[in-house]
Amino acid sequence: MDDQGRGPDPRPEGAPGEPSEPSASSTEAGPRPLPYEGVWRFTAPAVDASVPQARHAVRDLLYRQGVPVSEDLAQGLLLIVSELVTNAVRHAAVLSPVLAVEVAVGAEWVRVSVEDNHPYRPTALEADHGRTGGRGLLLVREIALEAGGVCDVEHTSGGGKVIWAALPLKPVRVP
């Protein structure tokens, strides 16, 4: 990502619906980044211990960079990270022993994503209430929507997938 998290839209580069024109507020050289803006990526083995490690790494990153997140937004982001990493560990580890976590922070949004090399693209289906588990992606979608954000699953050029959620840093005004 060459916009270093400053793009007009939190969707990954090339995602469906991405604006093709730069935003009207950007200049020739691009907008000056705020101190907390940027993109950070780390990899982890697809094992259970990576779930709390990823959550703590994201929490520490948000704090260290001074990202202006409310406590509720931070908790939602950390729950999303936990769910996405857990899904990668449980469902993709056979074909993807390593997963990648990315945090991209723009002026008005923060996006977290988890990438693995497994080709299966999950969908957020209505959960069977008689089963335990199977509600992680549904929970991610609900947290994102409640915060005024979006989430999606995209194929990667290497045949895997990236699941991401982007949440606004400014509160959504309800009419």
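**Helices and core**

Guide: In this predicted model, Ile80 touches Val112, Val140, Ile143, Ala165 and Leu167, leaving aside residues up to four places away in sequence.

Visitor: Which residues have the most contacts inside the largest nonpolar core?
Guide: They are Ile80, Val85 and Leu99, and this core has 35 residues.

Visitor: Which elements give two or more residues to this core?
Guide: They are the helices α1, α2 and α3 (136-146), together with the strands β2 (98-105), β3 (109-116), β4 (150-155) and β5 (161-168).

Visitor: And which one gives the most?
Guide: That is α2, with nine residues.

Visitor: Let us turn to the helices. At what angle do α1 and α2 pack?
Guide: Helix α1 covers residues 50-65 and helix α2 covers residues 71-92. They pack at about 150 degrees, and their axes are 9 Å apart. Angles over 145 degrees count as roughly antiparallel, and α1 and α2 are therefore roughly antiparallel to each other.

Visitor: Is their crossing left-handed or right-handed?
Guide: The crossing of α1 and α2 is right-handed.

Visitor: Which residues make that contact?
Guide: From α1 come Ser50, Val51, Ala54, Arg55, Val58, Arg59 and Leu62. From α2 come Leu77, Leu78, Val81, Ser82, Val85 and Thr86. By class, the contact of α1 with α2 has eight nonpolar, three polar and two charged residues.

Visitor: Ser82 is in that list. Is Ser82 buried or exposed?
Guide: Ser82, which lies in helix α2, has a relative accessible area of 10%. Buried means under 20%, so Ser82 is buried.

Visitor: What does Ser82 touch?
Guide: Not counting residues up to four places away in sequence, Ser82 touches Val51 and Arg55. Both of these belong to the α1 side of the contact.

Visitor: Now the other pair. How do α2 and α3 pack?
Guide: The angle between α2 and α3 is about 155 degrees, and their axes are 9 Å apart. That makes α2 roughly antiparallel to α3.

Visitor: And is that crossing left-handed or right-handed?
Guide: The crossing of α2 and α3 is left-handed.

Visitor: Which residues meet there?
Guide: Gly76, Leu79, Ile80, Glu83, Leu84 and Asn87 in α2 meet Gly136, Leu137, Leu139, Val140 and Ile143 in α3. These residues divide into seven nonpolar, three polar and one charged.

Conventions: Residues numbered from 1 in each chain as written. Predicted model: local features only at pLDDT ≥ 70, side-chain atom pairs only at ≥ 80, totals over all residues. Heavy atoms only, no water. Axes fitted to C-alpha atoms, helices over the stretch in contact; angles between N-to-C directions. Helix = DSSP H or I, 4+ residues; strand = E, 2+ residues; numbered from the N terminus. Parallel < 35°, antiparallel > 145°, perpendicular 65-115°, else oblique. Left-handed = near helix turned anticlockwise from the far one by under 90°. Contact = heavy atoms within 4.5 Å. Nonpolar A, V, L, I, M, F, W, Y, C, P; charged D, E, K, R; others polar. Core = buried A, V, L, I, M, F, W, Y, C linked by side-chain atoms within 4.5 Å. Buried < 20%, exposed > 50% of the residue type's maximum accessible area, 1.4 Å probe, protein only.
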